[in-house]
Amino acid sequence: MAAAVSTTTAQAPTFADIDREVRRVLNPGGLQYWAWICFCLFFVLIAGALWTNQVYEGLGVTHLTQPTMWAVYITNFVFWVGIAHSGTLISAILYLFRTRWRTAVYRLAETMTVFAVLTAGLFPIIHLGRPWFFYWLAPYPNERSLQPDFRSPLVWDFFAISTYLTISSLFLFMGLIPDVANARDAAKGWRKTFYSIMSMGWRGTDRQWRHFSMAYLLLAGFATPLVLSVHSVVSWDFAMAQLPGWHSTIFAPYFVAGAIFSGVAMVLTLLIPIRKIMGLEDLITPWHLDNLAKVILLTSLIVSYSYICESFMVWYSQDAIELATFHQRYWGPQGYLFWMMVACNCVIPLLLFVPRIRISAVWLFIISLFVNVGMWLERFVIIEGSLATNTEPSQWRFYHPSVTEIFITVGSFAWFLMLFSLFARFLPIISMTELKEGIQWLREALRDNYRRAA
Amino acid sequence: MSDVRMVASFPDEEQCVHMIERLREARLRPKAFSPIPSEKIREALYEQPSRVRAWVLGGGIFGALSGFAITIGTSYEWNLNAGGKPIDSLPPYLIIVFELMILCGGLAGLLSFFFYSRLPVLDPTPGYSEHFSSNRFGVVVDCADTESSRIEALLREGGAEEITSEPL
């Protein structure tokens, strides 16, 4: 039974307590908040200026040259698409499984998904020499005898990423409607107008909830195979190519597991500071952190298995070119990147076997940063390392990013964090509706925490 | 003929569901407001599932057929012979078909949700109180003037915290 009134204590929050806590976050940000937004904007503007220069001067300002024509930009693309995936895992897949701990963290994860896909979508365009022709990828009849080849993984990408962005945005928007209506009823001034427009006149009638529940369930059902397909398609950008280090049948599950691994780590990277800064410890409890940590641990083990499996297949094939590529990957001039990746993705997450670490916000934050770094390196090692050591040893040439590429990468993180921070202050970052639906689970989690503390 | 609209506020879901059942037994047609999606309220009020699912199915089928039409149709229209591979190469096309099925099914789901929920709505909903988006469950029932005192008593007996009535 979902009781709306009970004794208001820290251990037994009521519907009103949840509303009060989440609405409190929607208060106007202070000086520090706007200083943070300006800090992010500064890096976004630098990245924008460097990209403008790149468009004017051409791709020569990057260090992209034969044989590494894909490097940091495509690494960023794959990294951000991967980050997006855990949001859909938590919001859609765990919704279908009725997982209890998702209710407090799913909105944050879903928001992260939308902004991560938006960021990812910029990189194929940034990577173009003539970005104003990006629409050539879209399959529309034209008179230049140009027709996208539907057998190309790059065209699959266009469909997959645009569908993913659309469905994720719809899913986020739909889930927001009842919460924004709640915020509207407590707001004043321009915020009331803003929330009134966003909530579209939602009143929570039986008719509205009846259709909402069905549409939300079906969208979750659609998002589940979609999320698995999108990163599989991204992995086929590489796996379909006849390049040692890329041409592998395990890439789809390997990339999907890696995506969830990095995405959940990014959820923790965002969640832990927000929880602390906004004082949401009573809504996002160690129980939630513990479960997120378990997902990271599981996916870390899958990713580690994939690394072993990939290496085993190269050894077992005894293909000279594959062996040479992988020898360079492990022991070549950039081998230190591979071993850093192994440390970040396979070794450090093993600390999560310790239950105390799984509920420690500080430890989790540090581990999540290592995983983010490790997963970015994984994409770089696969993309750049494989191209640098292709089938022709005479062409081998290792790449180092230019200042333009480094600052555009930094700018992408700033862009993502800026969008996310703006969202967190203006729209409910925690779903009040779903927390209330599962209020008894939240109470159990809080009671459990108090018992542990005692 | 209904003359009066009565709105009762309940502190929890169980009481709200119980009241809906009692009002339906009394051959009245109650409506409800709730701050959460309540399966119990839905079951108490509706026998049929939402028609949104039919639209999602239709959207998905439309999307899949569009995917086949775009890939096969345009491949034949702009015939690109790449290394002697078949012009209509179905395995890679199925990826496009799948993505368009999801896209159109999802869009159909959202649009049909708006349509059946009558969103966006600009006029205020009769009987709505700000508590109903926060921490109270509401039951709205229209009745004849002569019956209003009996219904009010029924609502009070069912645990209503606050009852308001307005003429229709």
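1. In chain B, the C-alpha centres of domain 1 and domain 2 are 44 Å apart. Domain 1 of chain B covers 4-49 + 127-167, and domain 2 covers 52-117; such bounds come from an automatic or database domain assignment.

2. This is a predicted model, in which local features need pLDDT of at least 70 and side-chain atom pairs count only at pLDDT 80 or more, whereas totals for chains, interfaces and linings use all residues. Residues are numbered from 1 along each chain as its sequence is written, chains are lettered from A and ligands numbered from 1 in the order in which they are written, and side-chain values use heavy atoms, without hydrogens or water.

3. Contact (heavy atoms within 4.5 Å) links 60 residues of chain A with 67 residues of chain B. In chain A, the residues that lose the most area to chain B are A:Arg151, A:Arg203 and A:Arg210, together 15% of what that side buries. The buried area (accessible area, 1.4 Å probe, that two parts lose on being put together, summed over both) is about 5,500 Å², with 68% from carbon and sulfur atoms.

4. Between chain A and chain B there are zero salt bridges (a side-chain nitrogen of Lys or Arg within 4 Å of a carboxyl oxygen of Asp or Glu).

5. Zero disulfides (cysteine sulfur atoms within 2.5 Å) are found over all chains. The sulfur of A:Cys344 has its closest cysteine sulfur in A:Cys346, at 9.5 Å, which is too far for a bond.
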